[in-house]
Amino acid sequence: MKTLLVPVTLHDALPSVFATAVLVARRFGSLIEGVALRPALAEYVPVDMVGGMTWLRDEEADQAEAQDAGQRFVAAMEAAGLPRREPGASCAPDAVANAGPRYRWQPDVPPGDAFLGQYARLFSATVVGRPGADDGSPRMTTFETALFESGRPILLAPPAAPACLGEAVLIAWNGSTETARALAFAMPFLRRARRVLVVSAEGGMVPGPSAEDVARSLACEGIEAAHKALPAGRRTPGELYLDTAESFGCDLLIKGAYTQSRLRQMIFGGPTSHILSHATVPVLMAH
């Protein structure tokens, strides 16, 4: 987890996104890179424009928003006491090994979500805010683009800034390929955690290894983990995961994203959808 990408958009959860990234950077001595993420002009400018004035006005607003995003990112990193690293500076292996947390702002990046999906492939993880339906919430398209297009994990920041991250880790295990990938990406956190719990939920499993199997596998990696198989009762798997995370004192949840299709979860609900709507702790996800 030596490199973290933070796409900056002006939403209400932005302070939590910054705080989450800083907590990870302090844990691993990471470089946090911020970029201004905004929709491409063609995505929201009407086709029937008069004299090009609408385009000019929106382009100016776009540049002002990008500048505001950069100022907020730099202010947050400086307030956290992180030193600045200029874009283009090389990362020599010997220097990186001894480097502490630091940041850089990457100016003049292309607009549009397509850029984020491609650029995020260079980073250990991308830190985004938990999406929501309110006007001030992070956009779902940002989360989904980074999740599906980057090939890397997503660290989902909760609406309120976390105080700690990675001390007590809960793995929401369902036997799936998606969760196995999330677990592999989470190994840096698991190796440093004080407590690890692997949880499976009745009704939430697909054909695959059990939570007990995962705990035994982690033991071979030198990671001590407890395990629980939870009966469903009247709660959904998503509710079981979050309730157990709260009782465990979890400060990081590991979860594969969309084992069921997005369309199915939109219609019927599912663990990923529930966590996206209700998680109050950081969540590391992969697809």
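A crossing of two helices is left-handed if the near helix is turned anticlockwise from the far one by less than a right angle, and right-handed if clockwise. I am working with a predicted model, in which local features need pLDDT of at least 70, side-chain atom pairs count only at pLDDT 80 or more, and totals for chains, interfaces and linings use all residues. Residues are numbered from 1 along each chain as its sequence is written, and side-chain values use heavy atoms, with hydrogens and water left out.

Entry 1, two helices. I looked up helix 9 (residues 237-248) and helix 11 (residues 271-278), whose axes come within 8 Å and cross at roughly 45 degrees. Helix 9 is therefore oblique to helix 11 (angles under 35 degrees count as roughly parallel, over 145 as roughly antiparallel, 65 to 115 as roughly perpendicular and the rest as oblique). I noted the crossing of helix 9 past helix 11 as right-handed.

I listed Pro237, Gly238, Glu239, Tyr241 and Leu242 of helix 9 as meeting Pro271, His274, Ile275 and His278 of helix 11 (contact means heavy atoms within 4.5 Å). These contact residues comprise 5 nonpolar, 3 polar and 1 charged.

I found strand 7 parallel to strand 6 (residues 168-172), with 5 bridges (two strands pair if DSSP finds at least two bridges between them). Val196 in strand 7 is the bridge partner of Val169. Strand 7 also runs parallel to strand 8 (residues 226-230), joined by 5 bridges. There, Leu197 stands opposite Ala226 of strand 8.

Terms used:
Axes fitted to C-alpha atoms, helices over the stretch in contact; angles between N-to-C directions. Helix = DSSP H or I, 4+ residues; strand = E, 2+ residues; numbered from the N terminus. Nonpolar A, V, L, I, M, F, W, Y, C, P; charged D, E, K, R; others polar.
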